[in-house]
2 protein chains.
Amino acid sequence: MTQNAKESFRQRGTGPALAAKVRTLAPTMPRSMQRVAEAVAADPAGCAQLTVTALAQRTGTSEATVVRTARVLGYPGYRDLRLALAAFAAQQQSGAPASVTADIAVDDPLADVIAKLAHDERQTLADTAAGLDVSQLEAAVGALTAARRIDVYGIGASALVGQDLVQKLLRIGLIAHAHSDPHLAVTNAVQLRQGDVALAITHSGNTVDVIEPLRAAFDRGATTVAITGRPDGAVARYADVILTTAVRRESELRPAAMSSRTSQLLVVDCLFVGVAQRTYEHAAPALSASYEALAHRHSPEAPTAR
Amino acid sequence: MTQNAKESFRQRGTGPALAAKVRTLAPTMPRSMQRVAEAVAADPAGCAQLTVTALAQRTGTSEATVVRTARVLGYPGYRDLRLALAAFAAQQQSGAPASVTADIAVDDPLADVIAKLAHDERQTLADTAAGLDVSQLEAAVGALTAARRIDVYGIGASALVGQDLVQKLLRIGLIAHAHSDPHLAVTNAVQLRQGDVALAITHSGNTVDVIEPLRAAFDRGATTVAITGRPDGAVARYADVILTTAVRRESELRPAAMSSRTSQLLVVDCLFVGVAQRTYEHAAPALSASYEALAHRHSPEAPTAR
DNA sequence: TCACACCTTGAAAGATATTTTCATCACGCC
DNA sequence: GGCGTGATGAAAATATCTTTCAAGGTGTGA
């Protein structure tokens, strides 16, 4: 057990991973466990002081539930969660001042808005990186690399992310299309077959317009990939591979689109780099070619001018 | 005791104080306790893993001695020393390991790719936030808020950023259009007049297709804004307001599109929040309305399902 | 609508870890 | 050498954590 405990501590003890895990896993937990997870995420330093019994009391649950929550969060038991909590609190207080973690207010000066947004997106990136399942990513990269054809579905803000991915894949010679029209998406999806890849991007995990084409592709035998903030959402039903993005609290002036988009783009970048690595022989010259092709679209001023 | 424990934790939990305390107090301790104190100072992270019994064994002493040592070091008991140890270890290692700052290699495992990309984008965000000129941002927000009409120009990856901005502005009732077709952009630009806003997004600062429409708008008397990584580029010539994004080294597998896009999106978010603040009366209900309008596009599964 | 199966939950028993107690031992001083 | 003082660890006592189990929900399919 010592060995196990040590490893788990080394892995998860590292800072923001904890908050990420809570945010990612909380929605899939039963209610009592959610309460515990939220208490822990809300006040890590404070909770690090509490015994199982005390934390159970504070959250109005039982010791058993607290221990179960600790397990779900990836620790061997409450004791280790508590250690991680203390570690996390220490790391946090050495970093950002509390003010930037606060919500954005209507009367915040712009300087604060900048700081808060930047902090938030940085946090989201860290959380997403920590929560991304490498084996799933591996699977997605493999599927994309081998695909005859790639279809990407996304609506609204996620549509832009999809376009971003497609732009990148095209640049290294893959055949990819982005669809944001649900009807056309389904129409195209039924053309897919085994060996093709369908990739759905949805923050909520329940966007019908994106799930439908994914399902169609799934039924046709294509490999389906989902980039979603809710791995327990409906989209998971038709996804062979699930890439989870961090979910952050949203508020009036901080719409979900912002941080979810950042997470999604990170995942997209990881996919792209992964594919580029595996097709390097081909991708490298393709990338340079695309740079050169754009050169004349820039004005003659030396880039280092002035 | 809870209160005492909490205070002692808050005080001593903080960093190097621990090593100093050991050095100060060790000479005055009996031999066995010295061994324990030294073990703790030598390897805080490691000791944080150990139970009293284990630490007693490692130092060749007894549980009682370990507890006594913890007391002398100022903690109510071993449990609290252990928490402090974990916190201390976390604080020490909190800096990013050098490896993530290295370039992405073709044979990097995906886990490294994730870490490197995330680190890079986080750094970019921090740089952009630090480098953003608040007065310029203020000017841009003011111009957008008052604008009769807003045209946004962007090509390639920047086109997506432009679309993102337009999507957001539309949602709070502003009249905005994104143009990625250079001809149409110019055609539309000449329709602009004083009080309107033209906004160009270009990482290089020298993208002809984006500068041309901006120039047209500038000549017609519209307020022109540039979001660029090169405030000394050609685009600056026709920009009343310049918002600078951080530029990061790029490399073969880490195309500029990635980090520049992240910077641009941060600036876009700042613009959006700034405008939303200034038009709050109108923006808030508009935002809620747009959320509600989308509700039926999500499948009926309860968000807390499972 | 009802019954079934499965999940969630807390109480209490069980296991571990921590703290305290206490007897022993070592060391230095008279 | 005897005696007192403090250091030390074994073991008991306590606190803390973990597991088990039965009761109570919840959703599902007949």
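**Close-up 1. Helices H11 and H12 of chain A meet through a set of residues from each side.** In this predicted model, the H11(A) side of the contact is formed by Pro182(A), Ala185(A), Val186(A) and Ala189(A), and these meet Asp209(A), Glu212(A), Pro213(A), Ala216(A) and Ala217(A) in H12(A). Sorted by class, the contact of H11(A) with H12(A) holds seven nonpolar and two charged residues, with no polar ones. The two axes come within 8 Å and cross at roughly 10°. Since angles under 35 degrees count as roughly parallel, H11(A) and H12(A) are therefore roughly parallel to each other.

**Close-up 2. Here is the contact of H11 with H12 in chain B.** Helix H11 (residues 182-189) and helix H12 (residues 208-219) of chain B pack at an angle of about 10°, their axes 8 Å apart. That makes H11(B) roughly parallel to H12(B). From H11(B) come Pro182(B), Ala185(B), Val186(B) and Ala189(B), while H12(B) brings Asp209(B), Glu212(B), Pro213(B), Ala216(B) and Ala217(B). This contact has seven nonpolar, no polar and two charged residues.

**Close-up 3. Five strands of chain A form an open sheet.** Follow the strands across and you will read E2-E1-E3-E4-E5, with parallel pairing. Strand E2 (176-179) and strand E5 (241-244) of chain A stand at the edges with a single partner strand each, so one side of each is left without a neighbour in the sheet. On average, neighbouring strands of this sheet are turned by 15° against each other, direction ignored. Look next at strand E1 (residues 150-154) and strand E3 (residues 197-202) of chain A, which pair in the parallel sense over five bridges. Ile150(A) has Val197(A) as its bridge partner in E3(A). Helix H11 (residues 182-189) of chain A packs on the sheet and touches E1, E2 and E3 of chain A. The direction of H11(A) makes about 145° with that of E2(A).

**Close-up 4. Both protein chains contribute to the surroundings of DNA strand D.** In chain A, helix H5 (52-58), helix H6 (63-72) and helix H7 (78-94) each supply at least two residues of the surface near DNA strand D, as do helix H3 (31-42) and helix H6 (63-72) in chain B. The surface near DNA strand D divides into seven nonpolar, seven polar and five charged residues.

**Close-up 5. DNA strand C also has residues of chains A and B around it.** Pro30(A), Ser62(A), Thr51(B), Gly77(B) and Tyr78(B) come nearest among the 19 residues around DNA strand C. Helix H3 (31-42) and H6 of chain A, together with helix H5 (52-58), H6 and helix H7 (78-92) of chain B, each supply at least two residues of this surface. Its classes are seven nonpolar, seven polar and five charged residues.

**Close-up 6. Helices H3 and H6 of chain B cross.** Their axes come within 9 Å and cross at roughly 70°. H3(B) and H6(B) are therefore roughly perpendicular to each other. Ser32(B), Met33(B), Val36(B) and Ala37(B) of H3(B) make the contact with Thr65(B), Val66(B), Arg68(B), Thr69(B) and Val72(B) of H6(B). Five nonpolar, three polar and one charged residue make up the contact of H3(B) with H6(B).

**Close-up 7. Two domains of chain A touch.** The domain assignment gives domain 1 (2-94) and domain 2 (134-294). Five residues from domain 1 and six residues from domain 2 take part in the contact. On the domain 1 side, the residues divide into two nonpolar, two polar and one charged.

Methods. Residues are numbered from 1 along each chain as its sequence is written. Chains are lettered from A and ligands numbered from 1 in the order in which they are written. This is a predicted model: local features need pLDDT of at least 70, side-chain atom pairs count only at pLDDT 80 or more; totals for chains, interfaces and linings use all residues. Two strands pair if DSSP finds at least two bridges between them. Helices (H or I, at least four residues) and strands (E, at least two) are DSSP runs, numbered from the N terminus. Axes are lines fitted to C-alpha atoms, for helices over the stretch in contact, and angles run from 0 to 180 degrees between N-to-C directions. Two residues are in contact if their C-beta atoms, placed from the backbone, lie within 7 Å. Ala, Val, Leu, Ile, Met, Phe, Trp, Tyr, Cys and Pro count as nonpolar, Asp, Glu, Lys and Arg as charged, and the others, Gly among them, as polar. Domain bounds come from an automatic or database domain assignment. Angles under 35 degrees count as roughly parallel, over 145 as roughly antiparallel, 65 to 115 as roughly perpendicular and the rest as oblique. A residue is near a molecule or strand if its C-beta atom, placed from the backbone, lies within 6 Å of it.
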